[in-house]
Structures are given as C-alpha cells and as structure tokens.
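Visitor: Please pick one spot in this structure and take me through it closely. After that, I would like to see how the rest of the chain is laid out around it.

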Amino acid sequence: YNVGEEDGEQDTPENVKEDQEYVEEIVGALNEKFKLSDVKRIGVKSRDKARPIVATLSSRENVVTLLRKAKELRETENYCDVYLSPDRTFEEREERKRTVEIFKKLKADNPTKQYVIRRGVIECV
C-alpha cells in the first residue's frame with residue numbers, strides 16, 4: 001500500500017514494468033531476493049489515492065519471510081510510508097475490519113492493558 005503511480009493511462013506495459021522494478025527494490029531494501037511471479041495494481045485508478053499493488057511470489061515461505069520483515073520498511077528513508085499486508089479475500093478483509101474495531105475499543109476502554117492481534121484473535125499480553 002501507499003506506492004504512488006504516474007498519471008496517465010491505466011496499466012500500460014511501462015507502468016507494469018515500473019511497478020515490478022519498484023517491488024523488487026522494496027524486496028531488496030529488506031535484504032531479500034525473491035522471484036516475483038506477477039505484479040499488478042488492483043482497483044480503479046483515481047487522482048486522489050494510489051491503488052495497491054499485488055505481488056505474487058514463487059512460494060509461501062517467501063511470502064511469510066517478507067511479511068515478517070515488513071516492519072523494517074518503517075526504518076528506511078525511501079519506503080517508510082509503504083505497507084505490506086497479506087492478500088485477503090473480501091470475507092477475510094471484513095472479518096479483519098471487525099476484529100480491528102473490537103481491538104481499538106478494548107485498547108481505549110482498558111489503557112493499562114496491552115492487546116495484540118495474532119492469527120485473527122485478540123490477545124491480552
């Protein structure tokens with residue numbers, strides 16, 4: 001998320017190539033080298049916000065490794081505003097949204113306790 005895109009036509013070969021190179025740079029910033037099977041933007045292009053990029057990696061292990069290292073992007077100068085998240089179905093996104101709402105309410109109601117979301121479940125640590 002938060003990867004800007006040029007104005008102009010949607011999904012031209014040049015734009016797709018630029019997105020592929022940008023994702024490879026992000027992976028490189030995390031000191032990893034993964035083969036990307038596919039890189040594409042999703043959603044309708046608009047002037048107001050950038051569309052997310054979906055990158056398909058060659059294996060599940062690579063996805064897990066990349067997601068574990070995603071928080072390291074916050075410490076980089078060029079990619080501190082870029083966020084990585086797993087690709088979820090519509091139902092998974094809706095469930096995650098409900099869980100985060102409950103999580104935020106619990107944190108607000110109990111400021112002395114610390115909560116985390118692990119594997120879709122809210123836990124008090």
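Guide: Let's start with Tyr-79, which is buried, as its relative accessible area is 9% (buried means under 20%, exposed over 50% and partly exposed in between, using a 1.4 Å probe on protein chains only). Before we go further, please keep in mind that this is a predicted model, in which local features need pLDDT of at least 70 and side-chain atom pairs count only at pLDDT 80 or more, while totals for chains, interfaces and linings use all residues. Residues are numbered from 1 along each chain as its sequence is written, and side-chain values use heavy atoms, with hydrogens and water left out.

Tyr-79 sits in the loop that runs between α2 (60–69) and α3 (90–109) (helices are DSSP runs of H or I with at least four residues, strands are runs of E with at least two, and both are numbered from the N terminus). Setting aside its neighbours within four places in sequence, you will find Tyr-79 in contact with Tyr-22, Glu-25, Ile-26, Ala-29 and Leu-73 (contact means heavy atoms within 4.5 Å).

Next comes Cys-80, which is partly exposed because its relative accessible area is 31%. Cys-124 is partly exposed too, with a value of 48%. As for disulfides, the count comes to 0 when the rule is a pair of cysteine sulfur atoms within 2.5 Å.

Now let us step back to the whole chain. The protein chain has 3 helices and 4 strands, and along the sequence they follow the pattern α-β-β-α-α-β-β. The C-alpha trace spans about 50 × 30 × 30 Å along its principal axes. Of its 125 residues, 22% count as buried. Among contacts with a separation of 6 or more, 41% are between residues 24 or more positions apart.

Beyond its neighbours within four places in sequence, Asp-19 is in contact with Val-39, Arg-41 and Ile-53. Past this helix, in the loop between α1 and β1 (36–41), you reach Asn-31. Asn-31 is not a glycine, yet it has a positive phi of about 60°, and it counts as exposed at 65% relative accessibility.

Arg-119 is another non-glycine residue with a positive phi, in this case about 50°. Arg-119 lies in the loop between β3 and β4 (121–124), where its 84% relative accessibility puts it in the exposed class. Arg-51, by contrast, counts as buried at 4%. Look for Arg-51 in the loop between β1 and β2, where a polar atom of its side chain lies 3.3 Å from the backbone oxygen of Gly-43.

For a view across the model, find Lys-107 in helix α3. Lys-107 is partly exposed at 44%, and its C-alpha atom is 40 Å from that of Glu-18, 89 residues away along the chain.

Finally, have a look at the largest pocket, which is lined by 41 residues, with Leu-67, Leu-84, Ser-85, Pro-86 and Arg-88 lying nearest its centre (on a 1 Å grid over the protein atoms alone, a pocket is an open set of points where a 1.4 Å probe fits, with protein on both sides within 12 Å along at least five of seven lines, and lining residues have an atom within 4 Å of a point). The elements that give two or more residues to this lining are α1 (13–29), β2 (53–57), α2, α3 and β3 (115–118). Helix α2 provides the largest share, 6 residues.

Methods
A polar contact is a pair of N or O atoms within 3.5 Å; within protein, one must be able to donate a hydrogen and the other to accept it, and residues adjacent in sequence count only if both atoms are side-chain atoms.
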